[in-house]
Amino acid sequence: MDEEKKVIFSGVQPSGNLTIGNYLGALKNWVLLQDDYRCYFSVVDLHAITVRQEPKSLREKTLEVLALYLAVGLDPEKNTIFIQSHVPAHSEAAWILNCFTYMGELSRMTQFKDKAAKHQDNINAGLLTYPVLMAADILLYQTDLVPIGADQKQHLELARNIAQRFNNIYSPTFKIPEPFIGNEGARIMSLQDPAKKMSKSDENENGYILIMDPPDVIKRKIQRAVTDNLGTVKYADEQPGVKNLISIYSAVAGMPSDEIENKYKGAGYAKFKQDLAEALIEELKPVQEKCNDLLKNKDYLKKIYSDGAERAAKVAYKTLRKMQKKIGFIPYLAK
Ligand code: TYM
């Protein structure tokens, strides 16, 4: 019966501490989708090394992201939760798909341009071919739907193009995946510069709120969030700071923006910010507690990611074998 469900694939890089952008743009939607889809959620460590990572920290972050997946409410029985590098089919498929992707396509990617500008001393080939690895992640599972924040839409479009190209050259091999981008939380912006997306790699820590930030830090960061001197809680492009705070509120409380505007009519920013901070603290508290508990139980986490890798590998290798066969690689019989 499960076989008939449509497939979801998504992932988060363990390249830093996760922000409420990751939570509201991705994780929170995954939890809502897990009952209706066959889901694969990966901690994408291969992606993370396109930027230099300290080995100890990468190990810690990988487990933390895995624990957060469980802490936000993803059920490891229902979903396949795994660490990307444990399924080598991802790297193998990425190599093949690299040969079906053009330099022009890759160099046009906004994330590549941003990251290349930011890490000028390390513009490695992985940074450029990153979206091909992401295409491999998605296509290996014959994915129907990819729940992501708006910043990943361009990468998903490239994955679709690569899949279509491969299918046209050979014969139908891959499902063509669709993006699933939520409304309110799809693009959470920096609290200090609402023209920039909220990012775990921002140097200014007041720009982001981490899922694991304690209550006093959340309060302080929201209080310091950039607004304007208009003094009206309005979801408008002319008030990008306030608009962003309304988006966060809306995604957390599940309240449409016009209702939030009405609630704070004539109230000014102080009360609005105070309530938003409270709502965030309440939302994150159980996640934080669960995550801290899980991190104390490394054996349990090990069991989850080991089972997950085994389940994922079965599906991934099936597609990889199909790709290899179509290309003309000679299969071998393992002894
Ligand atoms: P990453 O690790 O940067 O972010 C993980 C997820 O969080 C979303 N996100 C946001 N959503 C709203 N507002 C924000 N400020 C914000 N910041 C991040 C991202 O859109 C993403 O959904 N390349 C991906 C990881 C990846 C992947 C995949 C995703 C690798 N392979 C296959 C889906 C399918 C990335 O860097 O996400």
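The shell around the ligand is made up of 12 nonpolar, 10 polar and four charged residues; here Ala, Val, Leu, Ile, Met, Phe, Trp, Tyr, Cys and Pro count as nonpolar, Asp, Glu, Lys and Arg as charged, and the others, Gly among them, as polar. The model is predicted, and local features need pLDDT of at least 70, side-chain atom pairs count only at pLDDT 80 or more, while totals for chains, interfaces and linings use all residues. Residues are numbered from 1 along each chain as its sequence is written, and side-chain values use heavy atoms, with hydrogens and water left out.

Of the 26 residues around the ligand (a heavy atom within 4 Å), Q13, Y130, D137, D151 and I188 come nearest. Several polar contacts (N or O atoms within 3.5 Å) can be traced. A polar side-chain atom of Y130 lies 2.5 Å from an oxygen atom of the ligand, and a backbone N or O atom of G149 is 2.8 Å from a ligand oxygen. The protein buries 97% of the 690 Å² that the ligand exposes when taken alone (Shrake-Rupley method, 1.4 Å probe).

Turning to the aromatic rings, the structure holds 13 aromatic pairs, meaning Phe, Tyr or Trp (six-membered ring) with ring centres within 6.5 Å. In one of them, the centres of F9 and F82 are 6.4 Å apart and the planes meet at 70°, so this pair is edge-to-face (planes over 60 degrees apart; under 30 is stacked and the rest tilted).

Notes. Polar contact = N/O pair within 3.5 Å; in protein donor to acceptor, adjacent residues only side chain to side chain.
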